[in-house]
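Me: Please go through some of the terms used for this structure and set each against its definition.

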Amino acid sequence: MARVLMLAYGGTIGMVPSPHGYVPAPGLGERLRRALQDTGAGAALPAFEVWEQPPIDSANLRPHHWQTMAQHLQAHWADYDGFVVLHGTDTMAWSAAALAFLLRGLDKPVILTGAQIPLGVARSDALSNVSAALMLAAQPELCEVALCFGRFLWRGCRARKVSAQRFDAFAAPNDAPLAELGIELVLHRQRLWRWPHGPRWTAPAFDDEAVAVLTLHPGVGAAAVRALTASERVRALLLLTYGAGNVPAQDTAFLDAIAAASAGGVVVVNATQCWHGAVDAGAYATGSALARLGVVPLADMTPEAAWAKLHVLLASGADTATIRAELVRNWCGELGANGTEAPPAA
Ligand code: ASP
């Protein structure tokens, strides 16, 4: 019988009502165990142990939390067949991407899940999500960090929160599901990621403020770039550009501010703010202007994955040239057809 470690970090799944709305509450592991026993579902699920952190609303998550998550998973890796991470939905996609990068080359499943309605509240989706996550965490061929929610299992570094209301709260607009969770759990084995280079694990200390994000909007200008990169702690700027990677290239002050940030050592990257599709740096003159400045185009990487990968690379102490090269290497499926599949540097 497979043994699963469940790491509980908080989120709606374990929350209780308060005069100000839902708030985190301790004891989720025991409450889940009791609820699974009461329904009789527990017997059909893998045995699990729970490790609980003081629960948070994941809106309060910061990159430094990922160090604890990765350290705990790595420390207990040999003791279990798979792992379930209970997490708030608001930042689950960021954590799924970060864990996928921190556990590159993993050989067991790590499944993130949570709920839209707390455990114990009428129509809660907690037990169905957790039951599916436990079953998936016992699938030895699923060597990925993945996000299980509602009717689907998504690759962790491709997932985005798409609904504040629906039970299918997540999707991967540039990817297909890894599994469909209907009456049967149908795992798409041919889609599973294969990484032939062995584990490349890390659990570095993060600087929460190392990466800034600028979402392009009409009228955005040099002042926004300068303000976002003013702090010495900011070492990367993620531009969420229009369409195929376009910016207001007629605004030379805007381009100059990006060039100045880059010259000052800030790694500037280009991901599209579009839900679907990829940055194509040569498609428009308004996009190739960025490429000429040395801004790294991130193809169809999600903003969450781009942000997490920048954090992981910076925290790992990589130099600028390495960061730029690794960003466009496909570590765990974060890039689609446009990503290079070259093996990593030794
Ligand atoms: N605010 C909650 C959280 O992210 C939302 C949820 O879990 O659904 O922790």
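Me: Which residue stands opposite V84 in β3, and what makes two strands a pair?

Reply: M6 stands opposite V84. Two strands pair if DSSP finds at least two bridges between them; five bridges join β1 (residues 3-10) to β3, and the two run parallel, so β1 and β3 meet the definition of a pair. Strands here are DSSP runs of E with at least two residues, and helices are runs of H or I with at least four, numbered from the N terminus. The model is predicted, with local features requiring pLDDT of at least 70 and side-chain atom pairs pLDDT 80 or more, while totals for chains, interfaces and linings use all residues. Residues are numbered from 1 along each chain as its sequence is written, and side-chain values use heavy atoms, leaving out hydrogens and water.

Me: What joins β3 to β5?

Reply: Four bridges join β3 to β5 (residues 110-113), and these strands run parallel. V85 stands opposite L112 in β5.

Me: Why is β3 called largely enclosed?

Reply: Buried means under 20% relative accessible area (exposed is over 50%, partly exposed in between; 1.4 Å probe, protein chains only). Five of the five residues of β3 (residues 82-86) are buried, so the strand is largely enclosed by the rest of the structure. G82, V84 and L86 point one way, F83 and V85 the other, and all are buried.

Me: What puts the buried residues of α9 on the same side?

Reply: In α9, I323, E326 and L327 are buried. They cover an arc of only 100° around the axis, which puts them on the same side of α9; the arc is that of the directions from the helix axis to the C-beta atoms.
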